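Subject: Structure handover

Hello,

Here is the structure for your files. Please open it before reading on.

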Amino acid sequence: MVGCGTSWFIAQAYAVLRERAGHGETDAFAASEAPVHRPYDRVLALTRSGTTTEVLDLLRRVREGGGRARPRSPPTRGLR
């Protein structure tokens, strides 16, 4: 799990909860510090805006390393 700012703190909390629930080892990194050379089966990137430079750079590096990176946005209907 990766993120920047508040999204990184959410990633850290999620990683702890996921491990405590027995769903496997989970790491959380600031997007700019994520070790893309590790053999993770998934990288979950959190971003509030979807345009955070560090997160987009990380997703690009994941793709360049042979991984799949598919940015997705949550639905925003009803949030205004």
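My notes on a loop residue and a helix follow.

This is a predicted model: local features need pLDDT of at least 70, side-chain atom pairs count only at pLDDT 80 or more, and totals for chains, interfaces and linings use all residues. Numbering runs from 1 along each chain as its sequence is written, and side-chain values use heavy atoms, with hydrogens and water left out.

Start with Leu 44. It sits in the loop between β2 (29-30) and α2 (53-64). Helices (H or I, at least four residues) and strands (E, at least two) are DSSP runs, numbered from the N terminus. Leu 44 is partly exposed, because its relative accessibility is 43%. The classes are buried (under 20% relative accessible area), exposed (over 50%) and partly exposed (in between), with a 1.4 Å probe and protein chains only. Beyond its neighbours within four places in sequence, Leu 44 contacts Met 1 and Val 2. Contact means heavy atoms within 4.5 Å. Met 1 lies 43 residues away along the chain, yet the two C-alpha atoms are 4.7 Å apart.

Now α2. Its twelve residues reach 16 Å from first C-alpha to last, close to the expected 16 Å at 1.5 Å a residue. That expected span is 1.5 Å times one less than the number of residues. Val 55, Leu 58, Leu 59 and Val 62 are the buried residues of α2. Seen down the axis, they fall within an arc of 100°, so they line one face of the helix. The arc is taken from the directions from the helix axis to the C-beta atoms. Cover for these buried residues includes β1 (2-3). The face of α2 turned away from the buried side carries exposed Thr 53 and Glu 64. Just after α2, Gly 66 has a positive phi of about 100°.

Best wishes
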